[in-house]
Amino acid sequence: MDSTNIFLYLLVSSFLLLIFHLLRTTTRRKLHLPPGNLGLPFLGETLQLISAYKTENPEPFIDDRVSKYGTVFTTHVFGEPTVFSADPDINKFILQNEGRIFESSYPGSISNLLGRHSLLLMKGSLHKRMHSLTMSFANSMIIRDHLLVDIDRLVRLNMDAWTGRVLLMEEAKKITFQLTVKQLMSFDPCEWTENLMKEYMLVIEGFFTIPLPIFSTTYRRAIQARGKVAEALGLVVRERKKETEKGDRKNDMLAALLDEEGDSGGGFSDEQIVDFMLALLVAGYETTSTIMTLAVKFLTENPSALAQLKEEHDEIRARKGEEETLQWDDYKSMSFTQCVVNETLRIANIISGVFRRAMRDVSIKGYTIPKGWRVFASLRAVHMDHDHFKDARTFNPWRWQTNSGSSSCSSVNVFSPFGGGPRRCPGAELGRVELSVFLHHMVTRFSWVLAEQDKLVFFPTTRTQKRYPIIVQRRNPVEANS
Ligand code: HEM
């Protein structure tokens with residue numbers, strides 16, 4: 001390119017950028033959008049977001065914008081202008097008005113992996129019915145009477161094999177996968193479940209290849225693996241139908257799905273059931289295993305919290321024999337554990353927020369969110385806000401401690417790690433119980449040290465970079481009984 005061409009190129013680019021900027025400013029004034037910066041053409045502020053969330057301290061991305069524009073601002077991330085809310089009341093409004101004013105919206109790449117009949121993509125009355133069906137399979141009574149015994153057994157079974165160096169994140173994933181498969185279709189760990197898990201992990205990787213999935217080999221591999229997982233689950237559905245015809249009835253999610261009527265009368269198709277099961281496998285797996293790993297990380301970094309937790313669980317174990325299964329009453333007596341669970345959920349923010357789309361023009365706090373615009377209700381921003389939680393960025397499980405039954409933490413009503421409204425996580429209680437049982441066996445059976453330094457990052461998901469390697473040492477059972 002000679003100098004005249006370079007000059008012309010620069011002139012045209014500057015002119016286009018100027019037009020682009022003017023158009024956006026005029027549009028914003030006309031619509032009265034929340035203030036903010038749409039960043040570069042096409043890319044918006046995606047790169048700033050990714051580089052903040054790839055560090056251990058992503059907070060400045062939100063802090064800077066909240067201090068400049070307030071708790072509701074406009075940005076442009078992952079290919080679309082987005083209204084970002086760090087305000088608990090607006091978040092609540094967004095979540096509660098699911099299906100009326102806002103609707104959940106996932107990028108096409110995610111929808112393809114989930115399958116079109118997944119609960120996460122369902123809308124309207126079918127969503128309502130299937131959400132409550134899922135709840136009915138993960139509520140307190142079902143956990144107490146059926147699931148707890150399996151959770152206890154499968155956690156122990158996996159931990160029995162632990163020696164020396166353990167990659168905690170991998171182990172937690174294995175446990176949560178086995179638990180979900182058991183809950184969905186009553187299968188205990190075997191070669192089949194192991195093979196399924198291998199394929200399934202390739203599917204999971206595909207979820208985190210945004211923003212350019214079409215060009216990614218990981219994404220293509222994920223789509224192929226999804227096909228194999230769906231095929232394997234389809235076979236299970238067909239086998240189960242035959243067993244049911246012969247009068248053999250199981251008490252699991254698959255049985256409930258086979259009993260359920262589809263929207264147009266008659267039962268659900270095999271494809272619908274497979275999509276539904278796959279989505280449940282996805283929703284409970286990454287979240288619960290990450291929270292297990294991070295609880296251990298935060299406890300390792302906070303010896304006094306770990307000591308108090310150990311005391312609570314040693315007392316429970318001392319009341320029971322070494323091998324006796326945990327009962328619902330034991331779970332209910334884990335009061336400090338619940339403080340640790342809450343604080344881990346608050347600080348880790350596995351689901352940092354939820355995307356929705358405005359179904360019509362919406363007025364909020366004097367601003368307009370135009371119809372079709374994407375909004376992001378940031379749960380993380382609220383949980384990490386000093387106005388709502390004192391010393392919000394410090395791990396402090398004691399903030400949840402109850403004095404005469406009520407938590408000393410004044411911000412319980414803005415604490416929403418499981419979302420809210422019609423899409424509130426149906427696995428919330430189950431996730432809590434799984435984490436509590438995991439912590440019980442972890443602290444009563446092992447002491448551990450970190451094998452090597454590991455870093456927490458928040459993009460593409462919340463995870464530690466090295467899968468949290470620890471060296472475990474078995475505790476003497478007598479110690480636990482003493
Ligand atoms: C500690 C672990 C967990 C966390 C932090 C978590 C968090 C969340 C959040 C924030 C949502 C709301 C998403 C939205 O509004 O768009 C959600 C939805 C969901 N969660 Fe969980 N979850 C956890 C464990 C589980 C488990 C164990 C299950 C298994 C049953 C599960 C199943 C689901 C499903 C099916 C949805 C979709 C609900 C719908 O769209 O109607 N989650 N979860």
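Guide: Helices (H or I, at least four residues) and strands (E, at least two) are DSSP runs, numbered from the N terminus. The model is predicted: local features need pLDDT of at least 70 and side-chain atom pairs pLDDT 80 or more, while totals for chains, interfaces and linings use all residues. Residues are numbered from 1 along each chain as its sequence is written.

Visitor: Is strand β1 mostly covered or uncovered?

Guide: Strand β1, residues 72-77, is mostly covered, with six of its six residues buried. Val-72, Thr-74 and His-76 point one way from β1, while Phe-73, Thr-75 and Val-77 point the other way, and all are buried.

Visitor: Which sense does β1 take next to β2?

Guide: β1 and strand β2 (residues 80-85) run antiparallel and are joined by six bridges; two strands pair if DSSP finds at least two bridges between them. Thr-75 has Thr-82 of β2 as its bridge partner.

Visitor: What sits between the two strands of that hairpin?

Guide: Two residues lie between β1 and β2, and Phe-78 in this hairpin takes a positive phi near 50°.

Visitor: What is the strand order of the sheet?

Guide: The order is β1-β2-β8-β5-β3, an open sheet of five strands with mixed pairing. β1 and β3 (102-104) stand at the edges with a single partner strand each, so one side of each has no neighbour in the sheet.

Visitor: How many bridges link β2 and β8?

Guide: Four bridges pair β2 with strand β8 (residues 374-378), in the parallel sense. Val-83 stands opposite Val-375 of β8.

Visitor: Changing topic, which residues are closest to the ligand?

Guide: The closest are Gly-284, Gly-419, Cys-425, Gly-427 and Gly-431, within a surrounding set of 25 residues. A residue is near the molecule if its C-beta atom, placed from the backbone, lies within 6 Å of it.

Visitor: Which helices supply at least two residues of that shell?

Guide: α6 (124-136), α12 (270-301) and α17 (428-445) each supply at least two residues of the shell around the ligand.

Visitor: And where does the largest share come from?

Guide: The largest share, six residues, comes from α12.

Notes. A residue is buried if 20 or more other C-beta atoms lie within 10 Å of its own, exposed if 12 or fewer, and partly exposed in between; C-beta atoms are placed from the backbone.
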